[in-house]
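Here are a few notes to read alongside the model. Have a look at the structure first, then go through the points in order.

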Amino acid sequence: MSDKHKNAAISDATGAFCQSILDAILPAIREVARAEGYAIAVHGSLKRDIDLVAVPWTEVAAATKPDDLARAVCGAVAGVLGRCLILGGPTQKPHGRVAFTLVHPGFAGEIDLSIMPAVAKAEAAE
C-alpha cells in the first residue's frame, strides 16, 4: 500500500472515529447548551477533530458567561465519556467569538468549542 493510500485510510478512520464520538456526545451537549440559552451547531469536516459552534438562541444566553457554558459542555462530555478537560484558557476569535479546546483521554482529536457572544436585548435594538 502506498503512503498516499495509508494516509487516506488513516484520515478515513479518524473521521469515522470523530463521527462516532460526536454521535455519542452531541445530545448531551445540546441539552446543557439549551438550558444556558444556546444552540449548538457542528462545523467542519470531522476529519481530525470536532468543531462546535454555540449560538445564543434565547434571552437566557445573555446571562451566561462563555466560561460557564464551556464548563457545562465539558461536563456533558464527561457524563457520556467519563472524562473531559478544558485545555488552557479561552482564545479570542473574530466577531467576538471565544474558543475553548476540550480534550478527552483516549480521543486523539480535540473538541473545539466556539461560543458566539450574546447581545443584550437593548443592544440588539440599536
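**Notes on a salt bridge and a strand**

1. D68 comes out partly exposed, at a relative accessible area of 34%. Keep in mind that this is a predicted model, and that goes for everything below.

2. What does the side chain of D68 meet in a salt bridge? The partner is R71, with an N to O distance of 2.5 Å. That sits inside the 4 Å cut-off for calling a salt bridge. If you were hoping for a list of these, a search of the whole structure turns up one.

3. Why are the two placed to meet? Both belong to helix 2 (residues 66–81), and because R71 and D68 are three residues apart there, about one helical turn separates them. As background, oppositely charged side chains can pair when their charged atoms come close.

4. R71 is partly exposed too, with a relative accessible area of 49%. The cut-off for calling a residue exposed is over 50%, so R71 at 49% stays in the partly exposed class.

5. Now for strand 5 (residues 111–115): is it enclosed or open? Four of its five residues are buried, so the rest of the structure largely encloses strand 5.

6. With strand 2 (residues 50–56) it runs parallel, joined by five bridges. With strand 4 (residues 98–103) the pairing is antiparallel, again over five bridges.

7. L113 is a handy place to look at both pairings. This strand 5 residue stands opposite L52, and L113 is also the bridge partner of F100.

Methods
Residues are numbered from 1 along each chain as its sequence is written. This is a predicted model: local features need pLDDT of at least 70, side-chain atom pairs count only at pLDDT 80 or more; totals for chains, interfaces and linings use all residues. Side-chain values use heavy atoms; hydrogens and water are left out. Helices (H or I, at least four residues) and strands (E, at least two) are DSSP runs, numbered from the N terminus. Buried means under 20% relative accessible area, exposed over 50%, partly exposed in between (1.4 Å probe, protein chains only). Two strands pair if DSSP finds at least two bridges between them.
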